[in-house]
Amino acid sequence: MISLSRSLLLFGLAAVISAPAAHAQSVTGAGSSFAAPLYESWGEIAKAKAGLGVNYQSVGSGAGLNQVVAGTVDFGASDKPAATALLDAHHLYQFPTALGAIVVIVNVPGIPAGALQLDGSTLAALYDGRITEWNDPKIQAQNPGLNLPDADVAPIHRADASGTSFVFTSYLSHVSPEWKAHIGAGTSVAWRDGAGARGNDGVAASVKETVGGIGYVEYAYASHNHIPMARMKSHDGAYVTASPKSFMAAASQADWAHASHHVVDLLDSAGDNAWPIMSATYAIVPIGVKPETKRFFEIGLREGEQEARKLDFITVPEAVRDDILAGWPH
C-alpha cells in the first residue's frame, strides 16, 4: 500500500512534469503554399519572442479556407480572398499579410537561365494547348536571339485547389480573351493539357525534372531551387526580369485607399518595370479568435518585416498594418 507521503510526492512530481504542457501556447494554421515560407519564418520569430509554437500546414488555399470555416485551425491562409458573404456567414476576419510574386519557371534545353521572354497571351497558349512546341513561331518572334529547340512543351499546373492557380488563371484571363472565354479563373480549373502537382514545391520539383517543362510558382520556390525563370512582358510593353525591384514596382501601384476589406488587385499593373503577376496573400481568422493568434500576427506584421523581405515578399504599408490590427475582432 502506498503511503500518504509517497502519494503526495508522486502527485507533486506529476504536477511539475505536466506544468509546461498546461501552459504551452500554440497556434495552428493551414492553407496557402505561396505563403508557407512567410508563416514558417514568422513562427520562428514568435517562438523566440513569445514562446508561441506555430504549426502551419501547407495544404493549399482551398483546404485552408475549408479548415478555418470548420474550426479545425486557428487561422486559414489563402491567396484568393474569400467573398464578403462567406466571411459574414461564418464570422471570419480577413486581412493581407504580405504581397508576393508568381513567376513562370521553365526547363527548356539549351536556353540560358533568364533568357526566355514571354508575353501573357503566349503563356496562355502554352497552357491551353494552342502552342505545343518550344520553337513555335510565336515564341521565336519574342526571342530572336535564341535557338529554340524542337521540343515538346510540358505544362505543369497545381493539382490541388490553389490560390496560386487562382492568381495565375486570373492573370491569363486578364491578358487572353481565349483563355477567359474557354477556361477562366479559379482555384481549380478544367486544364486542357499537362500534368498536375501538389503545392508550389511540387510544381517546382516537377518542372525541374521535366525536359520542356513550364510551371508557375511563388518566387521563393523558384529562386531557392535555382530553376530558370522566364522574363514576362509588362503592361507597358517591356520584358521584365523577376526581381525584388520589379515586384516593388508592381506593389507601388496598389490602391489601398479604395480597397474593400484590404483586397487589392495587382495583376498587370502599369509601369515598364512592374512584374505582371503579383498578389496579396491573406489570413482568415474567426471573430473571437484566441489571444495567441492575434499575438502571432502582431509579431509577424510588426517584427517580421525583415524576414519577409529576405523571402522576397513585399510587406504591407505601415498604415494598412496598423488598420488591420486596430480592427481586430473581439
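The legends below describe close-up views of a predicted model.

In this predicted model, local features need pLDDT of at least 70 and side-chain atom pairs count only at pLDDT 80 or more, whereas totals for chains, interfaces and linings use all residues. Residues are numbered from 1 along each chain as its sequence is written, and side-chain values use heavy atoms, with hydrogens and water left out.

**View 1. The open sheet of 8 strands.** The strand order is β2-β1-β3-β11-β4-β8-β6-β7, and the pairing is mixed. Strands (E, at least two residues) and helices (H or I, at least four residues) are DSSP runs, numbered from the N terminus; two strands pair if DSSP finds at least two bridges between them. At the edges stand β2 (52-58) and β7 (195-197), each with a single partner strand, so one side of each has no neighbour in the sheet. On average, neighbouring strands of this sheet are turned by 25° against each other, direction ignored. Strands of a sheet pair through backbone hydrogen bonds, either parallel or antiparallel.

**View 2. The pairing of β6 with β8.** Strand β6 (residues 154-158) and strand β8 (residues 213-218) pair in the parallel sense over 2 bridges. The bridge partner of P155 is I214 in β8.

**View 3. The open sheet of 3 strands.** Here the order is β5-β9-β10, again with mixed pairing. The edge strands, β5 (117-118) and β10 (239-240), each pair on one side only. Strand β9 (residues 231-233) pairs with β10 in the antiparallel sense over 2 bridges.

View 4. Neighbours within four places in sequence being left aside, M232 is in contact (heavy atoms within 4.5 Å) with V104, L118, D119, G120, L123, Y171, A238, Y239, V240, W275 and P276. The C-alpha atoms of M232 and N135, 97 residues apart along the chain, are separated by 18 Å.

**View 5. The crossing of helices α5 and α7.** The axes of α5 (residues 120-128) and α7 (residues 163-175) come within 9 Å and cross at roughly 120°. Axes are lines fitted to C-alpha atoms, for helices over the stretch in contact, and angles run from 0 to 180 degrees between N-to-C directions. The two helices, α5 and α7, are therefore oblique to each other; angles under 35 degrees count as roughly parallel, over 145 as roughly antiparallel, 65 to 115 as roughly perpendicular and the rest as oblique. The crossing of α5 and α7 is left-handed, a term used if the near helix is turned anticlockwise from the far one by less than a right angle. In α5, G120, S121, L123, A124 and Y127 meet F168, Y171, L172 and V175 of α7. The residues of this contact divide into 7 nonpolar, 2 polar and no charged (Ala, Val, Leu, Ile, Met, Phe, Trp, Tyr, Cys and Pro count as nonpolar, Asp, Glu, Lys and Arg as charged, and the others, Gly among them, as polar).

**View 6. Residues H226 and H262.** H226 has a phi near 55°, a positive value in a residue other than glycine. Its place is in the loop between α10 (219-224) and β9, and its relative accessibility of 69% makes H226 exposed. For H262, phi is near 65°, also a positive value in a residue other than glycine. H262 is in the loop between α11 (244-251) and β11 (278-286), and at 15% relative accessibility H262 counts as buried.

Notes
Buried means under 20% relative accessible area, exposed over 50%, partly exposed in between (1.4 Å probe, protein chains only).
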